[in-house]
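Okay, thanks everyone for coming.

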Amino acid sequence: MRRLIMLLAILFMSNTVLAADSELAKQITVPAGWRGEQISLPPSFAREMQFKGIEEARFSPGMFQEKSNSFFSYFFVFQIDPGSELTPKNIERELLTYYQGLSRTIFNSRKKNIDTSGFTCKLTKATPVDPQKIYPPGLAEYAATVEWTEPFVTQKPQTLNLIIQVWTDKTSKHSYLFVCVSPQDFKANIWQSMRNIRSTFYRNLKK
């Protein structure tokens, strides 16, 4: 566990950490046991990313516990500065760069090499379900799969399932990605937990 904490410190303290009381952070409410980080975009572990802005990430209690049913389950929100085009191709590119950089940085901190050229990110258009009418106007949804090597705990190939919701605020012109991530099947309980958090986030935005 101490080694893992050191790796997380390397990852996050090397980024420009922003004010913890940002307006975006204020909209995020999570259950007890979830932990979070805020970093600038592009992050230091993926400088090749073209999105600029901030990221708020929240990690499930079992995020770094291999035997947990919420292992590597978390969500993040990108608030992206005006001017970026959120096409499926651009989102795929940015997320792939993000996960390649994340894996490479952690492996390097362990003084190990990792070939990230085989990592993939593939998006599929999905239809958002919004019976409560809480989603921001113009929201689009995608399902995605990331094939990568998990660097923190197992250091083994892993398939991550992602649900991505994207929209642009007409007033501020900022764009947003709300991304839920887990290797678990979409029927697993962790997905409902993240959907509940996401719904609360959208309600907070409307206040």
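Let's begin with helix H4: with 18 residues at 1.5 Å a residue it should span 26 Å, and its end C-alpha atoms sit 27 Å apart, so the two agree. Bear in mind that what you're looking at is a predicted model.

Where does H4 lie? Helix H4, residues 189-206, lies across E3, E6 and E7, and it runs at about 160° to E7. Quite a list of its residues is buried, including Ile190, Trp191, Met194, Ile197, Phe201 and Tyr202.

Follow the strands across and you get E1-E2-E3-E7-E6-E5-E4, an open sheet of seven strands with antiparallel pairing. Strand E1 (35-41) and strand E4 (120-126) are at the edges with a single partner strand each, so each has one side left without a neighbour in the sheet. On average, neighbouring strands of this sheet are turned by 20° against each other, ignoring direction.

Let me zoom in on E3, residues 74-80. Is this strand enclosed or open? Seven of its seven residues are buried, so the rest of the structure largely encloses E3. In general, side chains in a regular strand alternate between the two faces of the sheet. Here both faces are covered: one side has Tyr74, Phe76, Phe78 and Ile80, the other has Phe75, Val77 and Gln79, and all of these are buried.

Who are the partners of E3? One is strand E2 (residues 53-59), paired antiparallel to E3 over seven bridges; in that pairing, Arg58 has Phe75 of E3 as its bridge partner. Another is strand E7 (residues 175-182), also antiparallel to E3 over seven bridges, and there Val77 has Phe178 of E7 as its bridge partner.

Further along, strands E5 (residues 140-149) and E6 (residues 157-168) run antiparallel and are joined by 10 bridges. If you want a pair to click on, Tyr142 has Ile164 in E6 as its bridge partner.

Helix H3, residues 88-109, has 22 residues and reaches 32 Å from first C-alpha to last, close to the 32 Å expected at 1.5 Å a residue.

Most residues other than glycine have a negative phi, and most peptide bonds are trans. Lys111 lies in the loop between H3 and E4, and its 78% relative accessibility means it counts as exposed. Then there's Lys173, again not a glycine, with a positive phi of about 70°.

Last stop is a peptide bond: Leu41 and Pro42 are joined in cis, with omega about 0°. Pro42 has its place in the loop between E1 and E2. That's my tour, so over to you.

Methods. Residues numbered from 1 in each chain as written. Predicted model: local features only at pLDDT ≥ 70, side-chain atom pairs only at ≥ 80, totals over all residues. Heavy atoms only, no water. Helix = DSSP H or I, 4+ residues; strand = E, 2+ residues; numbered from the N terminus. Expected span 1.5 Å × (residues − 1). Buried < 20%, exposed > 50% of the residue type's maximum accessible area, 1.4 Å probe, protein only. Pairing = 2+ DSSP bridges. Axes fitted to C-alpha atoms, helices over the stretch in contact; angles between N-to-C directions. Contact = heavy atoms within 4.5 Å.
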